[in-house]
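Subject: Handover of a structure

Dear colleague,

Please find below the structure that I am passing on to you. A short account of the findings follows it.

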Amino acid sequence: MEVEEVEVKKEKKDKKSKKDKKEKKEKKEKKEKKDKKEKKEKKEKKDKKDKKDKKDKKKEKKEKKRKLEEEEEEQEAKKQKTEENSEANEETAEENTEENTEEANEESNEESNEEATEETQEESNEVTKEPATIFVGNLSYKMTEDWLAEEFSVVGEVVGARIITDRESGRSKGYGYVDFADKATAEKAVKEYNGKELDGREVRLDFANAPNKSNKPKKNYNNKPRSAPSKTVFIGNLSWNTTEQTLSDMFNEYGNVVSIRIPTEKESGRKKGFGYVEFEDVDSATKALELSGTEVDGRNIRLDYAPERNNQGGNGGNRGGNRFGGNKFGGKPAAPKPQGQKITFDD
């Protein structure tokens, strides 16, 4: 009897021991499973944080780069505007001086004054029909000349568009110019679309040149050259009717002309209103500058030395579907990029 009790007790003890071992094992497995899960969650959380930090750093770097580009672009635009204003102020001061001199001489008789007034009114009407150019700042770096011309063609007739680029990299500097067929259209563009959005940026518009206070023709500008002396002379304010032969006849009197170039639009062949005359030496070019202010085909030409290296406009880029203020400019074909024509003279 006692032996049976001992065996029963032993059996119960073995069962309890097995049960405890099983519970202990299950508890251990449960703990390992929990630790493994926590470790996995911790790793996922860390990876997620690292990914977010990496993304934030990338975004911050991109934002810094964008701000730096905008600052550079604004500095370039301010520099360009300052140069234009300086040139415009000099021309305006000269025009005012000549206007005052002419008015003083005209006071001698009433009839002369009346004729001068009528002529001034006629010339003023003609000026409004002459081409006018506006400055366009804060442009997208994807903007192309054709795209820019097409956006503004909804305002009126666009005769050309230029985007200023870096001389070495060819990258857009973020600003350019649009040439309109008449001054009224240019004024409308500046008034109605300054500050409107184009390709995600609010563009800044202004006149590229200050308006003239006097429309009276001038016999001579008496301008001092602003550029460093060179063998090539820049000719501004050319009539669209002026030919290379006309310029050859004029400038050959001052020295041996090597070549003459009047830049034109690529497809239409329409002249851009300026040109270049290259002489064999700098002395000849210097003598030719005395022609500045001379009337050629109805316009008073402006002369200066041409820089050794010319800035070239134009920039590539994919066109987007952006609009000004929600209403897309369009409806007229974009103006082609300008291309020069050059003639060379034999010795």
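Is Glu73 buried or exposed, and at what relative accessibility? Glu73 counts as buried because its relative accessibility is 1%; buried stands for under 20% relative accessible area, exposed for over 50% and partly exposed for the range in between, with a 1.4 Å probe and protein chains only.

Before the further details, two remarks on conventions are in order. The model is predicted, so that local features need pLDDT of at least 70 and side-chain atom pairs count only at pLDDT 80 or more, while totals for chains, interfaces and linings use all residues. Residues are numbered from 1 along each chain as its sequence is written, and side-chain values use heavy atoms, with hydrogens and water left out.

Glu73 belongs to helix α1 (residues 2-106). Helices (H or I, at least four residues) and strands (E, at least two) are DSSP runs, numbered from the N terminus. The side chains of Glu73 and Arg201 make a polar contact at 2.6 Å; the term denotes a pair of N or O atoms within 3.5 Å, where within protein one must be able to donate a hydrogen and the other to accept it, and residues adjacent in sequence count only if both atoms are side-chain atoms. Neighbours within four places in sequence aside, Glu73 is in contact (heavy atoms within 4.5 Å) with Asn138, Leu139, Tyr141, Lys173, Gly174 and Arg201.

Asn138 sits in the loop between β1 and α3. This residue is buried, with a relative accessible area of 16%, and its phi is positive, near 60°, although Asn138 is not a glycine. Asn237, in the loop between β7 (232-236) and α5 (244-251), also has a positive phi, of about 60°, but is partly exposed at 27%.

In α5, the buried residues are Glu244, Leu247, Ser248, Met250 and Phe251. They lie on the same side of α5 because they cover an arc of only 165° around the axis, taken from the directions from the helix axis to the C-beta atoms.

Yours sincerely
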